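Me: I have a structure open and would like to go through it slowly. Could you help me read it?

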Amino acid sequence: MALKQKAQQWVCNAEGLTVTKDAAGQTVNTFTAKKSTDYTATATTTNGLAVLDDYDSWCEFGTVCHRKISNYIAETKGNAAYGDQSGVIGNYDAILRTNLNGRQGQWRSTVIWDNGPALTFSSTQVQCVEDSWAPIICGNHGLPNATVTTYSPTWRHDYGVIYGNLLNNADPYHAAFQTIFTPAGYPAYRAANLASMSFTCPSSGNCYFP
Amino acid sequence: MWTDVSVVESNSDRWAELEENGWGALIGWAAGTANLRRRPSSDEGRSVTVTVERGGAAIASVEPFTTDDRIIVDDSIDEYLQEAGVPARPRGWVWLIRVPENYPSGQAFLDRINTELNSSQPAPVRPSGWLAVMQEVVGRLYEGG
């Protein structure tokens with residue numbers, strides 16, 4: 001769709017297509033959700049999940065995948081392609097792992113270069129969101145800039161652990177990995193949020209993945 | 001300390017299973033050897049829930065819990081303990097905490113511990129901050145039994 005429109009800057013992920021500059025170079029920020037019928041998604045798309053020692057081996061090709069490993073650990077991986085009017089420039093993966101301890105979340109995140117020019121990730125943060133009737137931000141946790149390229153070992157960057165705030169309210173929560181990435185030789189792109197699996201903090205007791 | 005913890009073979013309602021995370025492990029450390037037991041763990045039959053999202057549709061499936069999943073769980077616990085300055089636990093065990101006689105069940109005792117910890121003011125952020133709070137709370141709850 002982005003190529004048909006000759007969009008000059010776009011990002012495609014599991015949610016849909018975000019066009020940030022149209023064919024005329026105007027900033028537009030339009031989003032078009034993918035239709036589920038665009039895919040023949042089946043459970044077999046997760047066949048590589050057993051190979052967990054390498055995050056680059058599962059959940060590729062424009063999907064978002066969640067794995068609930070235990071009542072207290074879940075990880076989310078998203079794959080995004082980006083490009084301009086000439087076509088795809090490259091793609092990358094982002095991974096967000098949530099550990100729940102007591103009524104606090106801990107987060108570890110990773111970015112993996114898949115192909116294209118070197119990527120620099122900036123203005124990166126993990127945002128904690130309380131999903132009450134009106135979403136409430138329960139923490140913005142900034143992360144340092146990181147650059148990943150084709151050359152080992154920098155094709156992948158693991159950010160340090162984030163210790164989240166105490167979550168007092170009885171509500172569902174999630175975290176979102178947010179970043180701006182700049183491919184070498186291209187303008188900056190704003191990535192769509194990568195939202196973690198939802199977890200529950202009850203009125204008493206500790207938080208858990210339902 | 002961890003390796004000094006006695007091994008039990010059978011379940012008892014006077015020993016409560018700690019949460020399989022850093023929080024549970026740190027409570028166990030705070031309780032001390034005399035109030036802790038362990039039994040061999042098994043991941044046989046355990047599963048992982050997988051959800052794949054594409055184009056607004058989510059497809060869920062279940063997969064076996066792998067040895068790599070076990071490593072993720074154990075590493076996360078070790079990392080939490082390490083930040084608190086506590087040595088890693090031996091792997092392959094379920095850890096149990098002694099339930100004082102004045103509590104009707106293990107769950108009631110764990111609920112009491114968590115309620116007291118979660119009402120701490122100010123709440124620590126890091127495990128190293130939680131350790132002292134846990135030692136105070138657990139020690140006090142054991143004073144009655």
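**Reading the two chains**

Me: What does the secondary structure of chain A come to?

Reply: This is a predicted model, and in it chain A has one helix and 16 strands.

Me: And how much of chain A counts as buried?

Reply: Of its 210 residues, 46% count as buried. If you take the contacts in chain A between residues at least 6 apart in sequence, 54% of them join residues at least 24 apart.

Me: Now chain B, how many helices and strands are there?

Reply: Chain B has four helices and six strands, and when you read along the sequence they follow the pattern β-β-α-β-β-β-α-β-α-α.

Me: What share of chain B is buried, and what box do its C-alpha atoms fill?

Reply: Buried residues make up 33% of the 145 residues in chain B, while its C-alpha atoms fill a box of roughly 55 × 40 × 30 Å, taken along the principal axes. Among the contacts in chain B with a separation of 6 or more, residues 24 or more positions apart account for 73%.

Me: What are the confidence scores?

Reply: For the model, ipTM is 0.95 and pTM is 0.87. In chain B the mean pLDDT is 94, and 99% of the residues reach 70 or more.

Me: Let's go inside. Which residues touch the most other members of the largest nonpolar core?

Reply: That core has 81 residues, and the ones that touch the most other members are Leu26(B), Ile27(B) and Met134(B). Helix H1 of chain B, residues 22-31, gives the largest share of this core, with seven residues.

Me: Which residues is Leu26(B) in contact with, leaving aside neighbours within four places in sequence?

Reply: With those neighbours set aside, Leu26(B) is in contact with Tyr80(B), Leu81(B), Ala84(B) and Val86(B), and also with Pro127(B), Trp130(B), Leu131(B) and Met134(B).

Me: Changing topic, where is Asp43(B)?

Reply: Asp43(B) is in the loop of chain B between strand S3 (36-40) and strand S4 (47-54).

Me: Why does Asp43(B) count as partly exposed?

Reply: Asp43(B) has 14 C-beta neighbours inside 10 Å, so it counts as partly exposed, because a buried residue needs 20 or more and an exposed one has 12 or fewer.

Me: What is Asp43(B) in contact with, again leaving aside neighbours within four places in sequence?

Reply: Asp43(B) is in contact with Phe65(B) and Arg70(B). Asp43(B) and Arg70(B) are 27 residues apart along the chain, and their C-alpha atoms are separated by 8.2 Å.

Conventions
Residues numbered from 1 in each chain as written. Chains lettered and ligands numbered in written order. Predicted model: local features only at pLDDT ≥ 70, side-chain atom pairs only at ≥ 80, totals over all residues. Core = buried A, V, L, I, M, F, W, Y, C linked by C-beta atoms within 7 Å. Helix = DSSP H or I, 4+ residues; strand = E, 2+ residues; numbered from the N terminus. Contact = placed C-beta atoms within 7 Å. pLDDT = per-residue confidence, 0-100.
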